[in-house]
Amino acid sequence: MSKRGPQNAAEIEIRELRSRSNAAIAAHDVGSAIAIMRADVKIIASDGNFIDGASAMARVFDRIFSDPQFVTYIREPL
């Protein structure tokens, strides 16, 4: 449950999508990691880089997942 009270349907859906995305990232599964994204997604990464589109994000995931030192990260909606 949200710290602010009962969850509404949109919040539940967001949390479910985020959970699927986190599982895909942990599995280093590019296709599943971007499956929840619209093709025209716009992302500002934690390093400040702008990522324009799901195909660009797929390339970023490919690069990250190929790093043998990368384990995973978890993103949580507040």
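Predicted model: local features only at pLDDT ≥ 70, side-chain atom pairs only at ≥ 80, totals over all residues.
Asn22 is buried, at a relative accessible area of 12%, because buried means under 20%. Colour by secondary structure and Asn22 turns out to sit in helix H1, which covers residues 9–26.

Now show what surrounds Asn22. Leaving aside residues up to four places away in sequence, Asn22 touches Tyr73, Ile74 and Arg75. For Arg75, display the backbone oxygen: this atom is 2.7 Å from a polar atom of the Asn22 side chain.

Next, turn to the aromatic rings. The structure holds three aromatic pairs. For one of them, select Phe61 and Phe65: the ring centres are 5.2 Å apart and the planes meet at 15 degrees, so this pair is stacked. Both residues belong to helix H3 (residues 54–65), where they are four residues apart, about one turn of the helix. Are Phe61 and Phe65 buried or exposed? Phe61 has a relative accessibility of 1% and counts as buried; Phe65, at 11%, is buried as well.

From there, select Phe70 and Tyr73. Their ring centres lie 5.8 Å apart with the planes at 75 degrees, so the pair is edge-to-face. Phe70 is buried, at 15% relative accessibility. Tyr73, with 30%, counts as partly exposed, because that class lies between the 20% and 50% limits.

How values were computed
Residues numbered from 1 in each chain as written. Heavy atoms only, no water. Helix = DSSP H or I, 4+ residues; strand = E, 2+ residues; numbered from the N terminus. Buried < 20%, exposed > 50% of the residue type's maximum accessible area, 1.4 Å probe, protein only. Polar contact = N/O pair within 3.5 Å; in protein donor to acceptor, adjacent residues only side chain to side chain. Contact = heavy atoms within 4.5 Å. Phe/Tyr/Trp six-rings, centres within 6.5 Å; stacked < 30°, edge-to-face > 60°.
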